[in-house]
Amino acid sequence: MTTMIDAAQLSHAELEAVLRWYAAMGVDQPLVDAPRNRFAEFEQEVARRAAQPAPQPVADAPRRSPVSPLRPPPAPLPPARPAAISAEQAVLKAQETAAAAATLDELRAGREAFDGGGLKRTASKLVFADGNPAARIMLVGEAPGGDEDREGRPFVGRAGRLLDRMLASIGLDREQVYIANVVPWRPPGNRTPTPQEMAVCEPFIRRQIELVNPDHLVCLGAASAAALLGVKEGITRARGRAYEYEIGKGEGARRIHACAMLHPAYLIRQPLHKKLAWADLRTLKKALAPG
Ligand code: URA
């Protein structure tokens, strides 16, 4: 027997506890307006099949299988799911798919179709990029949150509004920068992406940087700095230093200026550190100045 929580029977405190538990489990977005009791649907389907009249044996018809004529025939099997690929195979496939994209549109389509990381199944929208693909500055964050997942654009929530103000403080807006994330699908409940999820996404963000071909790369937060700049220490140590990022490989490779900055979401939690971010923004502004 299955039971569903009847919200009308719960006190305010109990309802709040249930919602908190859902949020902690990563269930923090409504997908449909009314709840569906899939357990009850399953039981109804079982009852419906059991109530179906048993097929009558046809006289003289050859028996094709040892299935009892008193039972309904078994339901057809669902189509087989493609076999899961290993972590290494997923990274190789990501590298091939990313390298095959000649334009940002192709990369976006390849990203949308790529199923090598599980996050796509729980996110609602691909959060590919925002801003100007011809910009000289590219900013890369970690992964989208709930607001970004709903809108399909990076940095549109609270952290995004702070990022807009940070950019404005040095005279920039979204038309002068290009913004993306290492991971373009929202991890459930805004959890930190796993190393495997980061590894599968890395070839795509590297190709995205190559196709945008900026002069300055800004990694927002420790995860982005670790993935793209190989930074091993914490972000408060890594910030304030100049890095180089190599775009492309071989003869056509180009080294660009890169830096790591405190993530705006971190600055919301630690407002005293805004002065460090302000120092980094001024350094970036100087680096952008002609000559
Ligand atoms: N944090 C990120 O790293 N990226 C977003 O797009 C939003 C919040």
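Accessible areas come from the Shrake-Rupley method with a 1.4 Å probe, and for residues only the protein chains shown count as cover. By that method the chain has an accessible surface of about 18100 Å², of which 57% belongs to carbon and sulfur atoms. The structure is a predicted model, in which local features need pLDDT of at least 70 and side-chain atom pairs count only at pLDDT 80 or more, while totals for chains, interfaces and linings use all residues. Residues are numbered from 1 along each chain as its sequence is written, and side-chain values use heavy atoms, with hydrogens and water left out.

**The chain overall**

- The chain has 12 helices and 6 strands; these are DSSP runs numbered from the N terminus, helices (H or I) having at least four residues and strands (E) at least two.
- Of the 291 residues in the chain, 34% are buried (under 20% relative accessible area, with exposed over 50% and partly exposed in between, for a 1.4 Å probe and protein chains only).
- Among contacts (heavy atoms within 4.5 Å) between residues at least 6 apart in sequence, 71% join residues at least 24 apart.

- Strand E2 (residues 137-141) is largely enclosed by the rest of the structure, because 5 of its 5 residues are buried.
- Ile137, Leu139 and Gly141 point one way from E2, and Met138 and Val140 point the other way.
- E2 pairs with strand E3 (residues 177-181) in the parallel sense over 5 bridges, pairing being counted if DSSP finds at least two bridges between two strands.
- In the E3 pairing, Val140 stands opposite Ala180.
- E2 also pairs with strand E4 (residues 216-220) in the parallel sense, over 4 bridges, and there Ile137 stands opposite His216.

**The largest nonpolar core**

- A nonpolar core is a set of buried Ala, Val, Leu, Ile, Met, Phe, Trp, Tyr and Cys residues joined through side-chain atoms within 4.5 Å.
- The largest one has 64 residues, and Met138, Tyr178, Leu217, Leu228, Leu229 and Tyr245 touch the most other members.
- Helix H8 (residues 195-212) gives the most to this core, with 7 residues.

**Asp130**

- Asp130 lies in strand E1 (residues 130-131) and is buried, with a relative accessible area of 14%.
- The side chains of Asp130 and Arg153 are joined by a polar contact of 2.8 Å.

Notes:
A polar contact is a pair of N or O atoms within 3.5 Å; within protein, one must be able to donate a hydrogen and the other to accept it, and residues adjacent in sequence count only if both atoms are side-chain atoms.
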